[in-house]
Amino acid sequence: MLEAQEIIWIQNHKTILKNIDFHLLPGECVGLIGPNGSGKSSLLKILAFLEPPTSGQLYFQGQAVPKSVPLTIRRKIAIVFQESLLLNTGVFNNVAMGLKIRGLPKERIREKVDYWLEQFGVIHLSKQSARSLSGGEAQRVSLARAFAIEPDVLFLDEPFSALDAPTKEGLRIDLAKVFKSTQATTVLVSHDFKDIAHLTNRALILLNGEVVAQGPPSELLKNSHKEEVDRFLAHFSS
Amino acid sequence: MEMIWQGISAALHLLLTKDPEVIEITLLTLKISGTGTFISLLIGIPFGTLLALKPFPGRRFILSVVNTGMGLPPVVVGLWVSIFLWRSGPFGFLNIIYTPTAIIIAQAIIASPIVAALTCAALQQTNPKLRLQIKALGATRLQYIWLLLKEVRYSLLAAIIAGFGAVVSEIGASLAVGGNIQGYTRVLTTATVLEVSKGNFDIAIALSIILCLLAYGATLGLTLLQQKQQGGP
Ligand SMILES: Nc1ncnc2c1ncn2[C@@H]1O[C@H](COP(=O)(O)OP(=O)(O)O)[C@@H](O)[C@H]1O
Ligand SMILES: [Mg+2]
């Protein structure tokens, strides 16, 4: 589905990503985990075609992705950030945004928006203004907006980390349900191993811009790695 | 004191009886300043958008020029527009000096930097992450600009009001390029000054009340919009 080869990203003379190889199979949910500043968001932006890598090559659905990414390819992905980043309009319009941008007919938009608001349990907020939502509600709307696009690849950059524990728990359960029913091809970034363990089949550990280990989450915890990796994972094994 | 009370009561009488001359001047003012502001939007919003969203060499310099332009003295604009429109000037052949069109041009020049600077500031203050999110939703360049402008719509309305407020209350340019011709280029500010010079305080006060209402209405509108932008009730 998506492949990255030897990705290097340098900003202001600082090497942020060092030679990263990555691949994503259809229907797979892959986790990216690492401490703050390890380059997770940077890698996600590059994989989601929002930033060009300094060097390296991306392949999407078997085709090499050109330097200037065509709109048709850009429109096959969706991304949800830590902040909900809703526009200052109603909930319905926010979820409809990606579909309007793609020029879908009104009735199709209504169907899809209602469906995804329902899936994330926020259909009752449809007529409210986005400004009036709580953090958890806003993030549900943001997720509905991304799923409504029905992207070929979905990127989630720490979608829960701005939420308090109970809110986060509820959303994680609902998201796991949606994943199960949609089989969405997803890259999930988190600095919390629990999210990764619950939602992904395979995870990569990023440290200082390098992939230092990868595998199924349960095995990552069991196996031993370089000392610094173990030190990072030790936070979660208790 | 006597004269003040007389003036105010006569002014209220003129307003309440809808004195035809006062009405005419008010309508003409609204037409001229409204058109001038409208043209300034056509120039200021695209220009402000360009300054905010498109990095190019010299952008900072141009931005500082535009910001300075916000405080352009209307009488200076009046002077230069006069020079250009003067019968022997470069655009003299148009024959529009001392017409409402000349005032509209001058007022559009006064309001454009205000609208451009405020548009630019509003767009630059949007969350860079939100901009990235809009891009990530698959927006084309035009859709991206459109959605951002919609996002700052209250600031744009504020820019419009600020532009209108500036031109409706200026006198230097209207006088210089319009000539204060009765029923043709006589607007609220120029009429007020004329009536004062003639000692007709009643009509001058009546005109000034209308001018204040327009200016106060603009300020009130700005305040309400700012509250709305901040997500208040
Ligand atoms: N556009 C950029 N320009 C310069 N440095 C950046 C940029 N984006 C990220 N960085 C730096 O790259 C490093 C990794 O950041 P990030 O990818 O956000 O990490 P993470 O998401 O894992 O916390 C940080 O040191 C950050 O300061
Ligand atoms: Mg991050």
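**View 1. Helix 2 of chain B passes helix 5 of chain B in a right-handed crossing.** Right-handed here means that the near helix is turned clockwise from the far one by less than a right angle, anticlockwise being left-handed, and helices (H or I, at least four residues) and strands (E, at least two) are DSSP runs numbered from the N terminus. The model is predicted, so local features need pLDDT of at least 70 and side-chain atom pairs pLDDT 80 or more, whereas totals for chains, interfaces and linings use all residues. Residues are numbered from 1 along each chain as its sequence is written, chains are lettered from A and ligands numbered from 1 in the order written, and side-chain values use heavy atoms, without hydrogens and water. The axes of helix 2 and helix 5 (residues 100-124) of chain B come within 6 Å and cross at roughly 35 degrees, with axes fitted to C-alpha atoms, for helices over the stretch in contact, and angles from 0 to 180 degrees between N-to-C directions. Their contact comprises 18 nonpolar, 11 polar and no charged residues, where Ala, Val, Leu, Ile, Met, Phe, Trp, Tyr, Cys and Pro count as nonpolar, Asp, Glu, Lys and Arg as charged, and the others, Gly among them, as polar.

**View 2. Helix 2 (residues 20-53) of chain B also meets helix 8 (residues 153-168) of chain B, their axes coming within 9 Å and crossing at roughly 135 degrees.** The two helices are therefore oblique to each other, a word for angles that are neither under 35 degrees (roughly parallel), nor over 145 (roughly antiparallel), nor 65 to 115 (roughly perpendicular). On the side of helix 2 of chain B, the contact (heavy atoms within 4.5 Å) includes B:Ser33, B:Gly34 and B:Thr37, while helix 8 of chain B contributes, among others, B:Gly163 and B:Phe164. By class, this contact between helix 2 and helix 8 of chain B has 6 nonpolar, 5 polar and no charged residues.

**View 3. In chain A, an open sheet of 6 strands has mixed pairing and the order 6-7-8-3-9-10.** Strand 6 (77-80) and strand 10 (210-215) of chain A each have a single partner strand, so one side of each is left without a neighbour in the sheet. From one strand to the next, the twist averages 20 degrees. Strands count as paired if DSSP finds at least two bridges between them, and 5 bridges join strand 3 (residues 29-33) to strand 8 (residues 186-190) of chain A, which run parallel. Within this pair, A:Leu32 stands opposite A:Val189.
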